[in-house]
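Okay, everyone, thanks for coming.

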Amino acid sequence: MSLQFNIKKTTAKVGNNTITLETGRLAKQADGAVLATCGNNIVLVTVVSSRKESTMDFFPMTVEFVEKFYATGKIPGGYFKREGKPTDKATLTARLIDRPIRPMFPEGYRYDTQIVATVLSSDNQFPVDVLAAAGASAALHLSDIPFNGPTASCRVGRINGKFVANPSILEFEESDLEIVVAGSRNGLLMVEGETKFASEADVLAALKFGHESMLPLIEAQEQLRKETGSTEKRQFTPAEIDGEFKSQIESFLSPKIMGALKTREKAARYDAYDSAKKEAEEKFVSSIEDKDLKTQRKKELGTLVEDLKYRKSREMILKEKVRIDGRNTTTVRPILCEVGLLPRAHGSGLFTRGETQVLGTVTLGTGDDEQMIDALQGTITKQFLLHYNFPPYSVGETGRMGGQSRREIGHGFLAERALQAIVPDHAKFPYTIRLVGEVLESNGSSSMGTVCSGVLALLDAGVPIKGNVAGIAMGLIKEGNDVAILTDILGDEDHLGDMDFKVAGTREGITALQMDIKIDSVSFQIMETALAQAKEGRNHILGEMEKVMKAPRGQLSEHAPRIETIKIRPEKVREVIGAGGKVIKDIIAQTGVKIDIQDDGTINIASSDPAATRKAIAIIEGICAEAELGKVYKGKVKKILDFGAIVEVMPNLEGLLHISEIANERIRAVTDVLNEGDMVDVKVVDIDRTGRIKLSRKVLLEKTLN
């Protein structure tokens, strides 16, 4: 009996690329498995969802993006020579897959679900994250797992004023924006990207283009499901709470929750929630004798409290136009900015907006401090680094401290993208810049607080940035046709709302944006209004920041290294380095500076001691110096020959003084006039094509005689 596969395929044209979705050949024991292919790029995506309900009170879904080095014909670096923990890029890609599909699961679904996207082949040109996202949606759509898809993603660029769907990595180098757009047939589900100061109208046009471009991929998934004859979805009915118990709790708690919602200070508001919940537990749960029923009622009480907070806060905003902290929909919380807090950091800035506070610090380093990343496409170097830290005390909690969470990596990357556009060109400001955002308090959009504190720190450090950037988070409350767009959302408004839309930029345009939603989709009309409202809020924040500091300091911190850049001829690089690096090591030993030398002859010399820098420059210039035809030098006799003398006219630069050019009269031996170590005035009379220098002492004597 022969083994045969029941392989089904569909294709979709997205931009200039054809994407193929295949199922039925690989990983057939998974609930769903799809091979997504475009050219030489192949990603296998599998999905499995447990049939046993989890005890978690949230949807326990994880997404893993696995980079295999064999996909690009490479052996991993490091001692063990095998793939290790996910890179930041892999983590960010996993988040790009997760975020648009999460809201497409039914409310109350509590079954452990795992999606694994494995890169099997990559040419390092096509964006494999788009393939992985399509494969994840298709695998879910083909499976019996409850999923209200399909969804798809498209990476949008703009080259020479024209939008391009899924351009190559090389093409993106010519693009002035890079935005990943994810959505369903109905509208947008997620946005993530950066631009070089694009206008709101241009960003909206890019989002529309991305959504239109992804529609063939959604149709391909629908076609694949039809061709495979996929089974019906699993029956899932959310657990229902006893009607009488629910009615009693809601009647008792509604006024108390409404009172808590009007408490402006976060800690006091949470205390009021807890107090109301304890009262309800004492009144309706504590007297229950059946242990299992009592446990169930406690859990249901927690669910009802959260549901009341959700419904009452939304009603208050939509009907009364009043938010939890008393603001209207467009007001930004009070802002306080400070700079220069830390004496040893090269720059520091504190940004406080309401109950969100972030301390930004800048450290300037040299080429030795660049980050080197072992990636699928080869070794990547980074000269601008932003690290975001979110300790548990920032929200008044205890918790584990250690490595970065996926959330910290994602928020840090967004803030880094927002600031990358204003970082000076490395050729003009040859420093490695490390910016750290320490979240000290959090109640809404600490990532945008990191952007603002980062700008303050860069200004304080004297970094010649290209403009000032501010960031703001927008929210959405939508019930039927009633819509409220919220400026500068609180943490609760993020949790209880339908959208978290972060926008960062200068007054001239947007530098980064990110959007996630919890509903089926968001219309372009809502996006247009949110972008316009975000611009007003962003400009207001910039005004508050610039009251404290508007332009970079005129000089760097006294503790920062000074980097001087000089240029030598590329063919002289070898002489400066020396055999085995002997010459450059000797310069560093003599002066204590750091030296970074490039193949094109660019040399960066870094030191906090100006005298040491000048000394190093003098040595290098001496090594690279070249004699000028017709110029007179005072040289040192290095060696006596039968036919002349070797004279050093500059450090490491020697010429031949022939015996006939030593004196006016004829001499029998060089030593009749010169000895080793003598200082002698000589003139360069010839430099041949090989660079050999001919000197004359006689012409100077003749000149003197005349």
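So, leaving out neighbours within four places in sequence, Ser 521 is in contact with Ser 184, Asn 186, Gly 187, Leu 188 and Leu 189, where contact means heavy atoms within 4.5 Å. Quick caveats: this is a predicted model, with pLDDT of at least 70 needed for local features and 80 or more for side-chain atom pairs, while totals for chains, interfaces and linings use all residues. Numbering starts from 1 along each chain as its sequence is written, and side-chain values use heavy atoms, without hydrogens or water.

Buried or exposed, our Ser 521? It counts as buried because its relative accessibility is 16%, and the cut-offs are under 20% for buried, over 50% for exposed and partly exposed in between, with a 1.4 Å probe and protein chains only. Ser 521 sits in the loop between β21 and α11; helices here are DSSP runs of H or I, at least four residues, and strands are E runs of at least two, numbered from the N terminus.

Now the sheet. It's open, with eight antiparallel strands ordered β8-β7-β9-β10-β21-β20-β18-β19, and pairing takes at least two DSSP bridges. β7 has four bridges to β8, and Arg 158 stands opposite Phe 163 in β8.

And the helices? α4, residues 200-228, lies across β7, β8, β9, β10 and β21. Helix α11, residues 524-546, packs on the sheet too, touching β10, β18, β19, β20 and β21.

Key:
Axes are lines fitted to C-alpha atoms, for helices over the stretch in contact, and angles run from 0 to 180 degrees between N-to-C directions.
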